[in-house]
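Please look through the structure shown next before reading the points below it.

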Amino acid sequence: MGCCHHYFAPTANGDSAFTIDASTLTFGAGCLKEAGEQARALGMKKIGIYTDAGVRKLPPLETVMHSLKAAGIDYAIYDEVRVEPTDESFKAAARFAVEGKFDGFFSIGGGSVMDTCKAANLYSTYPADLLTYVNAPIGGGQPVPGPLKPHIACPTTSGTGSEATGIAIFDLLAMKAKTGIQSRLLKPTTGLIDPEVTSTLPSTIVASTGFDAMSHALETLTDLSYARRARPGGQSVRPPSQGANPFSDMVAFEALGLIGKYLVRAVNDATDTEARAEMMYAGTLAGIAFGNAGCHLPHGMSYAVSGLVREYRAPHYPQHESFVPHGMSVVLNAPSVYRFTAAACPDRHLDAAQRLGADMRSATPADAGEVLAGQIIKFMQATKFPGGLRSIGFSERDVDALVEGTWPQQRVIKNAPREVSRDDLRELFRGAMAYW
């Protein structure tokens with residue numbers, strides 16, 4: 001493709017095409033009021049609404065319930081979604097779906113809620129042992145057998161992008177690490193993205209989900225090129241995580257520009273409605289981007305961080321157990337990763353840093369990793385985020401366990417622009433222990 005960056009030049013054994021998945025989404029203040037109309041258009045008559053205990057008490061759910069009632073649609077509410085779901089919480093959510101015999105699903109909450117709803121839809125439609133559809137080598141990696149029931153996703157945080165992806169992530173308790181299910185058939189049928197719902201979000205949640213969005217966009221841009229991934233047997237088996245491509249580039253760059261301008265404002269001033277709305281939009285764009293390309297090392301490493309955390313309890317999140325938010329577990333690895341991956345595609349790292357607002361006046365390709373890492377660190381400092389894994393309770397003694405928890409995440413590790421060994425991972429985790 002002559003119009004595209006040299007990064008996508010054809011290779012002898014690589015893929016010669018990429019797939020564009022465009023989500024059907026409605027964005028705008030007050031659009032949650034369309035819930036009943038949207039559900040009726042999809043033929044829903046009895047809906048399973050998935051949310052968590054916190055969102056259950058908030059006005060957005062009341063708005064949805066009122067709209068569904070006005071449309072004459074029956075529903076039942078499942079409000080026991082776990083923040084950072086586990087295999088056990090996925091199973092419980094699926095049991096509710098089986099018992100409810102719903103003809104459609106509605107999720108309203110953060111990424112955990114939307115991911116749980118995807119899993120409930122899948123396992124109630126095509127019952128199986130939980131690991132059947134889970135990504136190999138951890139699970140069986142079996143394809144989703146066919147279409148699922150309609151699912152309307154309504155995010156209440158600004159950054160997970162789950163409304164635009166066919167990915168559902170959970171903690172596999174026995175392994176003490178995250179894994180997930182990935183299929184284009186898991187993607188919600190449509191989404192209602194109402195930026196008004198973020199007005200009451202605490203700063204730590206805005207920061208964590210915002211860094212998740214930043215990471216989605218950065219990993220999309222620095223993924224291995226689709227043209228360097230092994231050619232699939234046909235379009236039907238091309239994975240959603242197909243690598244960087246011209247479409248995902250376009251969307252990721254737009255997301256990064258918005259994040260660079262609005263993230264700090266959105267975190268530090270809850271009354272800045274412009275910044276919070278723009279971050280909501282950026283989070284959705286970043287979701288579309290990585291849904292068409294995939295993530296790589298920062299996310300792959302984060303799954304072990306989340307599973308092995310011992311004492312840390314993030315402000316503004318549930319305090320009853322040790323917990324590190326997903327976006328935090330991702331971004332704490334990111335500067336270390338980009339210092340490593342920059343050698344594979346320095347121009348892409350520099351372009352990403354520029355979109356985030358870095359000073360590029362003296363930057364050279366040799367500086368690419370440090371420039372991008374430095375810009376991410378500036379955002380971490382400006383939002384009062386922890387300064388590395390040591391700040392949330394990890395030490396050098398944990399490196400081997402972190403590596404072993406990361407290594408099975410081959411779905412994302414192989415999307416990195418450089419090959420990665422266990423020894424490389426050890427150095428990356430050491431590099432992520434402290435940034436200042």
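Two strands are said to pair if DSSP finds at least two bridges between them, and the strands (E, at least two residues) and helices (H or I, at least four residues) are themselves DSSP runs, numbered from the N terminus. This is a predicted model, in which local features need pLDDT of at least 70 and side-chain atom pairs count only at pLDDT 80 or more, while totals for chains, interfaces and linings use all residues. Residues are numbered from 1 along each chain as its sequence is written, and side-chain values use heavy atoms, with hydrogens and water left out.

**The sheet**

- Six strands in the order β1-β8-β5-β4-β2-β3 make up an open sheet with parallel pairing, and its edge strands, β1 and β3 (74-78), each pair on one side only.
- From one strand to the next, the twist averages 15°.
- Helix α3 (residues 59-70) packs on this sheet, where contact (heavy atoms within 4.5 Å) is made with β2 (46-50), β3 and β4 (104-109).
- The direction of α3 makes about 160° with that of β3, where axes are lines fitted to C-alpha atoms, for helices over the stretch in contact, and angles run from 0 to 180 degrees between N-to-C directions.
- Helix α4 (residues 87-100) lies across β2, β3 and β4, and runs at about 160° to β3.

**Strand β8**

- Strand β1 (residues 25-27) runs parallel to β8 and is joined to it by three bridges, with Thr26 having Leu192 as its bridge partner in β8.
- Strand β5 (residues 151-155) is also parallel to β8, through two bridges, and Ala153 has Gly191 as its bridge partner there.
- Both faces of β8 (residues 190-193) are covered, since Thr190 and Leu192 on one side and Gly191 and Ile193 on the other are all buried, that is, under 20% relative accessible area with a 1.4 Å probe and protein chains only.

**The cavities**

- A cavity is a set of points, on a 1 Å grid over the protein atoms alone, where a 1.4 Å probe fits but cannot get out, and its lining residues have an atom within 4 Å of a point.
- There are two cavities of 30 Å³ or more, where grid points are joined across faces, edges and corners and a volume is the space filled by probe spheres set on the points.
- The largest cavity holds about 70 Å³ of space, and its lining includes Asp21, Arg184 and Lys187.
- The second largest cavity holds about 60 Å³, and α15 (410-413) gives the most to its lining, with three residues.

Key. 1 Å grid on protein atoms, 1.4 Å probe; cavity = no way out; pocket = protein on both sides within 12 Å on 5 of 7 lines; lining within 4 Å. Buried < 20%, exposed > 50% of the residue type's maximum accessible area, 1.4 Å probe, protein only.
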